[in-house]
Amino acid sequence: MNEIKKMFAEYGADYTSTMERFLYNESMYLRFLDMLFQDDNLQKLEMFLVQNDVKGAFEAAHTLKGVVGNMGLTPLYNAICIIVEPLRAGEIRNDYMDLYRNIQMEFEKAAQFRDSLKKLG
């Protein structure tokens, strides 16, 4: 198993299905992965949650879910999915900030994953 495949497995991502979307071009994948960390939807999600704006929070979370899913960041994707559906339904809940903190923690793990991949390249 090559080193990048190993890192994907250790992070909890599926190398094959993810890299198929990027035509097995690892440098292209890393460029797109970098863009995720320039995206402001994580900050928007927090802002909308603080403002109790369920619609805005849903839009930010849903956008993140799509991007993260395409990037194959399964642990982060799963954390985002937990918040997306109640937001989609317009539910008012007291645990949104806890769910957001879980997303933040997974976002940090994804950043570490990215940094590890970049060290190989």
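Is F8 buried or exposed? With a relative accessibility of 1%, F8 counts as buried (under 20% relative accessible area, with exposed meaning over 50% and partly exposed in between; 1.4 Å probe, protein chains only).

A quick word on the model: it is predicted, so local features need pLDDT of at least 70 and side-chain atom pairs pLDDT 80 or more, while totals for chains, interfaces and linings use all residues. Residues are numbered from 1 along each chain as its sequence is written, and side-chain values use heavy atoms, leaving out hydrogens and water.

Now for the rings. Searching the whole structure turns up eight aromatic pairs (Phe, Tyr or six-membered Trp rings with centres within 6.5 Å; planes under 30 degrees apart are stacked, over 60 edge-to-face, the rest tilted). Here are two of them, both involving Y29:

| Pair | Centre distance | Plane angle | Type |
|---|---|---|---|
| F8 and Y29 | 5.5 Å | 45° | tilted |
| F22 and Y29 | 5.1 Å | 85° | edge-to-face |

One aromatic cluster takes in F8, Y11, Y15, F22, Y24, Y29, F32 and F113.

Y29 also turns up, with L73 and L87, among the residues with the most contacts inside the largest nonpolar core, which has 40 residues (buried Ala, Val, Leu, Ile, Met, Phe, Trp, Tyr and Cys joined through side-chain atoms within 4.5 Å). Helix 7 gives the most to this core: eight residues.

How values were computed. Helix = DSSP H or I, 4+ residues; strand = E, 2+ residues; numbered from the N terminus.
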